[in-house]
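Trainee: Could we go through this structure together, a piece at a time?

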Amino acid sequence: MKLRTYRAISNLTQQEIAQKLGVSELSIIKYEGGTNMPSRETMVRIYEITSGLVTPNDFFDLESKPVNRTMTSPTNTFVAAGLMSGTSMDGIDGTLMITDGERLIKDIGSYSLDYEPFFKSLLKACEQAVLENEGDLKNARQDFNKKNKSITFEMVIEKSTDLHAQVITQLLKITGYKAKSVDIVGYHGQTLFHRPGNGITVQVGNGQRLADEISISVVYDFRTNDVNHGGQGAPFAPLYHKALANQAGLTPVVIANCGGISNITIIGTTDKELYAYDCGPGNTLIDRFVQSKIGKEMDKDGLYGSKGEVSEKVLHALRKNAVRFKDGSNYLDKAPPKSLDVNDLKLIPEVNALNLQDGCATLEAFTAECIVESLAALKFPIPKLWVLAGGGWKNKIITSQLEQRLRPKLGTQLRVQHADQVGWNGKAMEAQIFAYLAVRSLRKLPLSLPGTTGVPKPLTGGKIVHPNHEIKKASKAVRSVLNQ
């Protein structure tokens, strides 16, 4: 869809299009004639006024001249993809956006791939090997390979990387973009172990292999630098959440994410008011319980929990023992900033003694209670607007339990909305985080703050690799930033 085609659809003259874009009519003629390429700022404006009909990709078959950019220039925008496979190991979410890694977030499209049960079991086996070796990858590989003669640890990671490449390929197909029009990919990888107190966080995935397969530069290993500097290495969503909320005019707000683990981002009215931490379990304990009882993966939509009753006695036992560490400390008693590993969560005997329906109802109440009770450690007013993100909120019982527990604390002004209700792409948000952070990493901007992970000062992170190890194969936009 070229500009001339858009002009025909919109019935605008070339001069009117130029006025909308804030550029000269001569510039539009040059763009259509292929003699040069518009700035990134202009391409974003084109994308906006055409409601996505004309994308930056539409210019990549034209001859282009280098764009003059600076680190503070409004033209410093990128087409970025993000990839996320969460702790529940259900599959991979991919997203494509236009962003400057600061204020601008423009959703282009998303795609998700569900793992086959057999591959999920292999990932879980890798996770177990890493857990048994306390995060020592070398020993975990050796143990896994001894137990599995026909497949190696390395083969599982290669397969995981290849599946992420498939997601990018499908994402480009459905959005109509070409690989050469994407500047950067943020690749989170698969978390297998997270113990920041011991200075360890393990996300596996071969960033170089991915870059080679998709022919796009890749940023990966986002969390290690934070942990190496004394941070929790999680959560990493807050800066993205803040940009999203500011862009939508929704501050002050709490963004509550529910995946394998639950976490919240609290965004106040000033730049300094940004806090985040993991609250406790999300879906993890519920999924394990259902799996142990009937062999299914989850309590879909809260179906079982809706037919059960919450056991207050078991709820109290969960609060006391479900997130207790080997040293006897209880995660739920720790003040933020703090982060949690799914392997820190335990199904206690009292829960296992309940029937399916009552167990689900009790665990769903526990997830909500952990979120609400964590607010007691905060010494500032909690915003009355809550936006819910993450697949866990599809469970209606967790959602209703959250509202039921929040209302006595926050009063009648409480508003709880799902991400899609405020115009966000709820399914893609986790992947969008790492598209956004990839651009921040590229630009050497902070990924974490003292109020979000506990690092002593704002800290950047991530590692960047290019197809076939060659920086000349990076996009012009990426090379421009790296050469500054």
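Trainee: Where is proline 337 found?
Mentor: Proline 337 sits in the loop between H12 and helix H13 (349-352). Helices (H or I, at least four residues) and strands (E, at least two) are DSSP runs, numbered from the N terminus.
Trainee: And what sort of peptide bond joins proline 336 and proline 337?
Mentor: The bond joining proline 336 and proline 337 is cis, with omega about 5°. Another cis bond runs from alanine 234 to proline 235, where omega is near -10°. Proline 235 lies in the loop between helix H9 (224-228) and helix H10 (238-248).
Trainee: Before we go on, what kind of model is this?
Mentor: This is a predicted model, in which local features need pLDDT of at least 70 and side-chain atom pairs count only at pLDDT 80 or more, while totals for chains, interfaces and linings use all residues. Residues are numbered from 1 along each chain as its sequence is written, and side-chain values use heavy atoms, with hydrogens and water left out.
Trainee: Back to the backbone. What is the phi of methionine 89?
Mentor: Methionine 89 has a positive phi, about 55°, although it is not a glycine. Methionine 89 is in the loop between strand S1 (78-85) and strand S2 (91-99).
Trainee: Is methionine 89 buried or exposed?
Mentor: Methionine 89 is buried, at a relative accessible area of 0%. Buried means under 20% relative accessible area, exposed means over 50%, and partly exposed is in between (1.4 Å probe, protein chains only).
Trainee: What about serine 215?
Mentor: Serine 215 also has a positive phi without being a glycine, about 60°. Serine 215 is in the loop between helix H8 (207-214) and strand S6 (218-220) and is partly exposed, with a relative accessible area of 46%.
Trainee: Why mention these at all?
Mentor: Because most residues other than glycine have a negative phi, and most peptide bonds are trans.
Trainee: New topic. How many residues are in the largest nonpolar core?
Mentor: The largest nonpolar core has 48 residues. Such a core is a set of buried Ala, Val, Leu, Ile, Met, Phe, Trp, Tyr and Cys residues joined through side-chain atoms within 4.5 Å. Ile264, Phe366, Trp386 and Leu402 have the most contacts inside this core. Elements giving two or more residues to this core include strand S8 (261-267), helix H14 (356-373) and helix H15 (396-410). H14 gives the largest share, nine residues.
Trainee: Which residues does isoleucine 264 touch?
Mentor: Leaving out residues up to four places away in sequence, isoleucine 264 touches several residues, among them Val254, Tyr275, Cys279, Ile371 and Trp386. Contact means heavy atoms within 4.5 Å.
Trainee: You named a cysteine there. How many disulfides does the structure hold?
Mentor: The structure holds zero disulfides, a disulfide being a pair of cysteine sulfur atoms within 2.5 Å.
Trainee: Which residues line the largest cavity?
Mentor: The lining of the largest cavity includes Thr87, Glu127, Phe193 and Asn343. Strand S4 (residues 184-195) gives the largest share of that lining, three residues.
Trainee: How much space lies in the second largest pocket?
Mentor: The second largest pocket holds about 520 Å³. It is lined by 21 residues, and His194, Arg195, Asn198, Phe325 and Asp344 are the closest to its centre.

Conventions: 1 Å grid on protein atoms, 1.4 Å probe; cavity = no way out; pocket = protein on both sides within 12 Å on 5 of 7 lines; lining within 4 Å. Points joined across faces, edges and corners; volume = space filled by probe spheres on them.
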